[in-house]
Amino acid sequence: MVWWKKTNHSLKNVLRIYVVTDRTKTGGKSLSQVIKYAVKFGATAVQLREKDLSARELFEIAKDLRKITSNNKVAFIINNHVDIALAVGADGIHLGKDSLPIDVIKRIKTKNMFIGVSCHSLDEVIEANNNGVDYVILGPIFNPLAKKSDIKSLGIETIKKAKSRISIPIIAIGGITEENCNKVINAGADGVAGITSFMSGDNKIFKCLAKENF
């Protein structure tokens, strides 16, 4: 049995405060420093997502973050690279539109490794659910803080519609801050993901989420 099931956690609980890495947003701090801080203030899951790095470079960072997350009972997820996820014993693999097909990932991954998918519309959420993934990240809900996006912000109504159609966890992302996180939770999101808000070293977003009963 995997560690989070041993502690009677559901996957929803494990993914509640979901940190996505971007080392360009840390203000010069190392990812290790930032993740240690995030874990201290309540992060429940960390996704390593550094698309510009080579596989070897990503692997070295992954080993370090895997130690931090393991020591603190925090889920560790690798974006896209199933080989690195397997090599470091990650808890999950997260897929995007350019990733290997979900049925291929299912054949490659370990039994206990969960699969997440990024979705940018209600139709994509339903498709991912039908393909048997374990959770979805839905966004951008608001205008993203980390980057300019060609995708129109979805708004909280899309969360409500998605919740009425699927039962797997829905993690909201995109422009979520301490000022609007309660709206996202009240709309039914099972968790909140972020890049800039979590990488900045400001604990306001963590304090906000700690107050929410979700």
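Colleague: Why is F114 called buried?

Modeller: F114 has a relative accessible area of 3%. Buried means under 20%, exposed over 50%, and partly exposed in between, with a 1.4 Å probe and protein chains only. F114 is therefore buried. This is a predicted model, in which local features need pLDDT of at least 70 and side-chain atom pairs count only at pLDDT 80 or more, while totals for chains, interfaces and linings use all residues. Residues are numbered from 1 along each chain as its sequence is written, and side-chain values use heavy atoms, with hydrogens and water left out.

Colleague: How do you know whether Y135 is buried or exposed?

Modeller: The relative accessible area of Y135 is 0%, so Y135 is buried. Y18 is buried as well.

Colleague: What makes F114 and Y135 an aromatic pair, and of which kind?

Modeller: Rings of Phe, Tyr and Trp (its six-membered ring) pair if their centres lie within 6.5 Å; planes under 30 degrees apart count as stacked, over 60 as edge-to-face, and the rest as tilted. F114 and Y135 are 6.0 Å centre to centre with 75° between the planes, and the pair is therefore edge-to-face. F114 belongs to strand β5 (residues 114–119) and Y135 to strand β6, so the pair ties together parts 21 residues apart in sequence. Strands here are DSSP runs of E, at least two residues long, and helices are runs of H or I, at least four, numbered from the N terminus.

Colleague: How many aromatic pairs are there in the whole structure?

Modeller: The search finds four. One of them is Y18 with Y135, at 5.9 Å centre to centre and 55° between the planes, which is tilted. That pair links distant parts of the chain, with Y18 in strand β1 and Y135 in strand β6 (residues 135–138), 117 residues apart. Y18, F114 and Y135 form one aromatic cluster.

Colleague: Which residues is Y18 in contact with, leaving aside its neighbours within four places in sequence?

Modeller: Taking contact as heavy atoms within 4.5 Å, the partners of Y18 include A45, Q47, I77, H94, Y135, V192 and F198.

Colleague: Which members of the largest nonpolar core touch the most other members?

Modeller: A nonpolar core is a set of buried Ala, Val, Leu, Ile, Met, Phe, Trp, Tyr and Cys residues joined through side-chain atoms within 4.5 Å. The largest has 72 residues, and L15, Y18, F76, I78, I93 and V136 touch the most other members. The largest share of this core, five residues, comes from α3.

Colleague: Why is the contact of D190 with K12 called a salt bridge?

Modeller: A salt bridge is a side-chain nitrogen of Lys or Arg within 4 Å of a carboxyl oxygen of Asp or Glu. The closest N and O atoms of D190 and K12 are 3.7 Å apart, so the pair qualifies. D190 lies in the loop between α9 (181–186) and β8 (191–194), and K12 in helix α2 (residues 11–14), so the pair ties together parts 178 residues apart in sequence. D190 is buried at 5% relative accessible area, whereas K12, at 36%, is partly exposed.

Colleague: What makes K12, K163 and D190 one network?

Modeller: K163 forms a salt bridge with D190, the closest N and O atoms being 3.2 Å apart. Salt bridges that share partners join K12, K163 and D190. K163 is partly exposed, at 32% relative accessibility.

Colleague: How do you know that D52 forms a salt bridge with R23?

Modeller: Their closest N and O atoms are 2.7 Å apart, so the pair meets the rule. The two residues sit in distant parts of the chain, D52 in the loop between β2 and α4 and R23 in the loop between β1 (17–20) and α3, 29 residues apart. D52 counts as exposed at 56% relative accessibility, and R23 as partly exposed at 28%. By this rule the count of salt bridges comes to eight.

Colleague: How do you know where the buried residues of α4 lie around the helix?

Modeller: In α4, the residues L58, A62, L65, R66, I68 and T69 are buried. Seen down the axis, they fall within an arc of 165° (taken over the directions from the helix axis to the C-beta atoms), so they line one face of the helix. The face turned away from that buried side carries the exposed residues R56, K67 and N71.
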